[in-house]
Amino acid sequence: MILCSVTLVVVPFTTMAKDKAEIPEYTVEGLKLIPNTSEIAYVWAEPGADLSQYSRVYLVEPAVAFRSNWRRDFNRNQSSLASRVTSSDMDRIKAGVSEIFIEVFTEELEAGGHELTNEKAEDVLIVRAAIIDLDVAAPDLRTASRTSTFTTSAGSMTLYMELYDSETGDLLAKALDPTSDRESAVLQWQTGASNRVAARRMMQPWAVALRNGLDEARKATKQVEE
């Protein structure tokens, strides 16, 4: 379901971003664009939305989708069948990316003192995300033949994230942020381990941004109480 939402909602936004056209001030749900966000490229929020009431977070396992024609484009440059990406390779990579996302966000939120839960209650904020436009420069195919791949970057991906009130189901905010792994001045050997490190490096700022938003809401509440 969330990937259908990504197709209908995110694709127009990314297209406009690439064309440097004006980003819509309001989404179809009535969320308003928050200007000048430094950590995330685009953030829309419900006017007057208050995250201070949420003391726990329900982190939903994210959906993952590759860049359009990624498999075709990658396999086109491979000289042997053994070095080509299969459907099972893609499924394994997507599962790995989803796992890393949960790890990174769990570590960051718990480090900030935010409790994670799998239940719905009035103090629980649902975080539902999708990783789209995943572009892996040198996927770990785990073939019998030993090959080495050298690239200047591990790849890129885009975050699409929605925040919901777990009791009412109200959509409070959504965010969209494309990112790429840092470019190296020289070719570097890409392995499964290095891809994992790069994925964590790309996701970390997203987790920090969510933690900062929740921290600011909690801090504002304490100041009012004092």
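The model is a predicted one, and the description begins with strand 6, which spans residues 124–136 and is mostly covered, with 10 of its 13 residues buried. Strand 6 pairs with strand 3 (residues 56–59) in the parallel sense over four bridges, and within this pairing Y58 has I126 as its bridge partner. Strand 4 (residues 63–66) also runs parallel to strand 6, to which it is joined by three bridges; here V64 stands opposite I131.

The side chain of R56 makes a polar contact with the side chain of E119, at 2.4 Å. Leaving aside residues up to four places away in sequence, R56 touches E115, T117, E119, A121, D123, V124 and L125.

The pockets can be set side by side as follows.

| Pocket | Volume | Lining by class |
|---|---|---|
| Largest pocket | About 650 Å³ | 17 nonpolar, five polar and seven charged residues |
| Second largest pocket | About 400 Å³ | 12 nonpolar, five polar and six charged residues |

The largest pocket, with about 650 Å³ of space, is lined by 29 residues, and those closest to its centre are I34, V43, L51, L163 and G213. The elements that contribute two or more residues to this lining are strand 2 (42–45), strand 8, strand 9 (171–180) and helix 4 (192–225). Helix 4 gives the most to the lining of the largest pocket, namely eight residues.

In the second largest pocket, which holds about 400 Å³ of space, the lining is made up of 23 residues, of which I93, I100, G192, N195 and R196 lie nearest the centre. Two or more residues of this lining come from each of helix 3 (87–111), strand 6, strand 8 and helix 4. The largest share of the lining of the second largest pocket, seven residues, again belongs to helix 4.

How values were computed
Residues numbered from 1 in each chain as written. Predicted model: local features only at pLDDT ≥ 70, side-chain atom pairs only at ≥ 80, totals over all residues. Heavy atoms only, no water. Buried < 20%, exposed > 50% of the residue type's maximum accessible area, 1.4 Å probe, protein only. Pairing = 2+ DSSP bridges. Polar contact = N/O pair within 3.5 Å; in protein donor to acceptor, adjacent residues only side chain to side chain. Contact = heavy atoms within 4.5 Å. 1 Å grid on protein atoms, 1.4 Å probe; cavity = no way out; pocket = protein on both sides within 12 Å on 5 of 7 lines; lining within 4 Å. Points joined across faces, edges and corners; volume = space filled by probe spheres on them. Nonpolar A, V, L, I, M, F, W, Y, C, P; charged D, E, K, R; others polar.
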